[in-house]
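Please look over the chain shown here. A report on its helices, their packing and a few selected residues follows.

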Amino acid sequence: MAASAPSNVRLASRPGGRIGSEEYHSAVLPSAQEAAVLYAANHTEAAVGLLRAEIRDTQNRNDKQAWLVLFDLYQVTQDRQEFEALSMMYTVKFEQSSPAWNDSADAANDPRRGQSRERKDFFAMRPAADGSLAAEIEKFVAFAESQGTVRLDVAKVVSITAAEATLFAAMLARLRKQRLPMWFNNVEGLEKALRRAFNERATENQRPFWLLLFELYVLEGKDHAFEELGLEYAVAFEISPPNWEVYVNTVSAAASITPATPASSPPEAGFALKGVLTATSASQLAEMNGHAASRSEVVVDMGKVIRIDFSFTGTVFDAIKAIQLAGKRVILTNISELNAALLEALGLNRYAILVRRKSG
């Protein structure tokens, strides 16, 4: 399932959708779960804003889960000042100790710290006053090459010309060939704009929109979408589509690697998932399946999972569900309140026992 743009901030509250192979029909999720979905979709500020409003709402501020998820959000964003302010409010409100700030080695070794140029390397693409993008595309490339990594937000891009699409596709391909780590925020709106530029009868003038969309799918690792677009392209233009190329974000890939553990001494908490789980984490799930193959009870340690990317939730859901349907008991342990709320929003508690980590 692809992450949505924050234009519908109540992203998790759509009347229907699909998680993995399962249909769901959700009314309004509890705020803690909705915030967890927003965070999974990389809309952290929207998630924080939602929970801040929740705990200040006189009708809802007794919802302890909303408070606990907000603590987790402040921890993962390293906002200690807000964390401590929330701690004081929590202690007064609930007359008990709040969760403790985590200064442990695990926090220091957070795989995202390799990516924590997240703010420094952030580039929001903004069209000029006349709507043109060419100058901004050139600026983006220069910025990306100077930083060595880039997190591109295209929420403001609602339209693009054929010439700009040609330039943008070429620049993205250039950065990809340099193996420069790239992340994309709010790209769904741009993908829809490119789709709208396709007419039923394809013309040569439309080809740049197709080629840019192919490039975006490569960079996002969307091989199935790429294949489907390729079939449409072949029919529309009566020629072969571009070839699929593998793009590896080296930073994300390094964060997702799970060190091998000797078979003679398996980890006490079971198989450990780590880092930000995205499409590049497929090898972790394959290793988890291998771990599960010879066991009737499968314990998965989620303590070092920072975030499950919204686009990858269906894959995680189906992997856990498949293990349970194979007649095994699945226990996910040491889950942060934030990730537990997401897993509950997905309905994964139907297929696994969710054990939250102790706070404080």
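## Positive phi after α7 and elsewhere

Arginine 179 follows α7, and its phi is positive, near 60°. Helices (H or I, at least four residues) and strands (E, at least two) are DSSP runs, numbered from the N terminus. Most residues other than glycine have a negative phi. The model is predicted: local features need pLDDT of at least 70, side-chain atom pairs count only at pLDDT 80 or more, and totals for chains, interfaces and linings use all residues. Residues are numbered from 1 along each chain as its sequence is written, and side-chain values use heavy atoms, with hydrogens and water left out.

Asparagine 186 is not a glycine either, yet its phi is positive, near 55°. It sits in the loop between β5 and α8. Asparagine 186 is buried, at 10% relative accessible area. Buried means under 20% relative accessible area, exposed over 50%, and partly exposed in between (1.4 Å probe, protein chains only). Glutamate 238, also not a glycine, has a positive phi of about 60°. Its place is the loop between α10 and α11 (250–256). Glutamate 238 counts as exposed, with 70% relative accessibility.

## Helix α7 and its surroundings

Helix α7 covers residues 162–177, 16 residues in total. From first C-alpha to last it reaches 22 Å, close to the 22 Å expected at 1.5 Å a residue. The expected span is 1.5 Å times one less than the number of residues. Its buried residues are Glu164, Ala165, Phe168, Ala169, Met171, Leu172, Ala173, Leu175 and Arg176. They pack against α6 (134–147), β4 (150–153), β5 (182–185), α8 (188–196) and α9 (207–220).

How do the axes of α6 and α7 cross? They come within 10 Å and cross at roughly 5°, which makes α6 roughly parallel to α7. Axes are lines fitted to C-alpha atoms, for helices over the stretch in contact, and angles run from 0 to 180 degrees between N-to-C directions. Under 35 degrees counts as roughly parallel, over 145 as roughly antiparallel, 65 to 115 as roughly perpendicular, and the rest as oblique. On the α6 side, the contact (heavy atoms within 4.5 Å) is made by Ala134, Ile137, Glu138, Phe140, Val141, Ala144 and Glu145. On the α7 side, Glu164, Leu167, Phe168, Met171, Leu172, Arg174 and Leu175 take part. By class there are ten nonpolar, no polar and four charged residues. Ala, Val, Leu, Ile, Met, Phe, Trp, Tyr, Cys and Pro count as nonpolar, Asp, Glu, Lys and Arg as charged, and the others, Gly among them, as polar.

## The α1 and α2 pair

Helices α1 (residues 31–40) and α2 (residues 44–56) pack at about 165°, their axes 7 Å apart. That makes α1 roughly antiparallel to α2. Residues of α1 in the contact include Ser31, Glu34 and Leu38. Those of α2 include Thr44, Leu50 and Glu54. The contact has eight nonpolar, two polar and two charged residues.

## Glutamate 232

Glutamate 232 is found in helix α10 (residues 223–237). It is partly exposed, at 32% relative accessible area. Not counting residues up to four places away in sequence, it touches Arg195 and Trp210. Tryptophan 210 is 22 residues from glutamate 232 in sequence and 9.8 Å away in space, C-alpha to C-alpha.

## Whole chain

The chain has 14 helices and nine strands. Of its 360 residues, 49% count as buried. Among contacts with a separation of 6 or more, 64% join residues 24 or more positions apart.
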